[in-house]
Amino acid sequence: FPDQITLISTDSAGTPDDPRLDLRIARAIMQVTPLFPMIFLLGLTIFAVRGLIDWLNWWGWPFLFTGVLSLLVALPGAFLVGLIIQWILERQVGRFLPPGLLTTLRETISAIASEILEPVIIIGFVLAGLGLLMILVGAILAYGQRDRTIPRYRTRW
């Protein structure tokens, strides 16, 4: 085994062939993309929402769906990533590695994936809880307003 490996030669550093430039662009795009849904919701707020109850419903449902979807991806994610990696390793190098090492690799990869997905689970719970709370508060306020309105057939006009 070599002591060190050169991933990018110094000859291509700073040139258009340097892959780090593409990675910087991709990183900048990934940092901006979470703002797009919030800008969309803000636009909906400006153009479609006419009151507090409408705002709670317009924002509550997307938050609830986003939180539930992230939980559905993140909760089984670590276990599935471990199984997929174990399946790939068994196919590629299964004859060369002992079964105990394959199991250890699967458990290690599952632990790493669960640590990576832990913030996603926390944010998923927060978004789902916030969305559900907004929907419930909107429903309670709508029910309270419905009792205070006067039906049209009882008015004199």
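The protein has five helices and zero strands, where helices are DSSP runs of H or I with at least four residues, strands are E runs of at least two, and numbering starts from the N terminus. Read along the sequence, that gives α-α-α-α-α. The model is a predicted one, so to speak of local features a pLDDT of at least 70 is needed, side-chain atom pairs count only at pLDDT 80 or more, and totals for chains, interfaces and linings use all residues. Residues are numbered from 1 along each chain as its sequence is written, and side-chain values use heavy atoms, with hydrogens and water left out.

Next, the overall packing. Of the 157 residues, 19% count as buried, meaning under 20% relative accessible area with a 1.4 Å probe and protein chains only (over 50% is exposed, and in between is partly exposed). The protein exposes about 12,700 Å², and carbon and sulfur atoms supply 69% of that area, worked out by the Shrake-Rupley method with a 1.4 Å probe. As for contacts (heavy atoms within 4.5 Å), 68% of those between residues at least 6 apart in sequence join residues at least 24 apart.

The largest nonpolar core is made up of six residues: Leu41, Leu44, Leu56, Trp59, Phe63 and Met134. A core here is a set of buried Ala, Val, Leu, Ile, Met, Phe, Trp, Tyr and Cys residues joined through side-chain atoms within 4.5 Å. Helices α2 and α3 each give two or more residues to this core, and α3 has the largest share, with three. Leaving aside neighbours within four places in sequence, Leu41 touches Trp58, Trp59, Pro62 and Phe63.

Leu41 and Phe63 turn up again in the lining of the largest pocket, along with Pro34, Pro37, Met38, Phe40, Pro62, Thr66 and Leu127. A pocket is an open set of points on a 1 Å grid over the protein atoms alone, where a 1.4 Å probe fits and protein lies on both sides within 12 Å along at least five of seven lines; lining residues have an atom within 4 Å of a point. The volume comes to about 200 Å³, counted as the space filled by probe spheres set on the points. Helix α2 (35-48) and helix α3 (52-74) each supply at least two lining residues, with α2 giving the most, four. By class, the lining has eight nonpolar, one polar and no charged residues.

Further along α3 sits Ser70, which is buried, with a relative accessible area of 17%. Beyond its neighbours within four places in sequence, Ser70 is in contact with Val120 and Gly124.

Definitions and conventions. Nonpolar A, V, L, I, M, F, W, Y, C, P; charged D, E, K, R; others polar.
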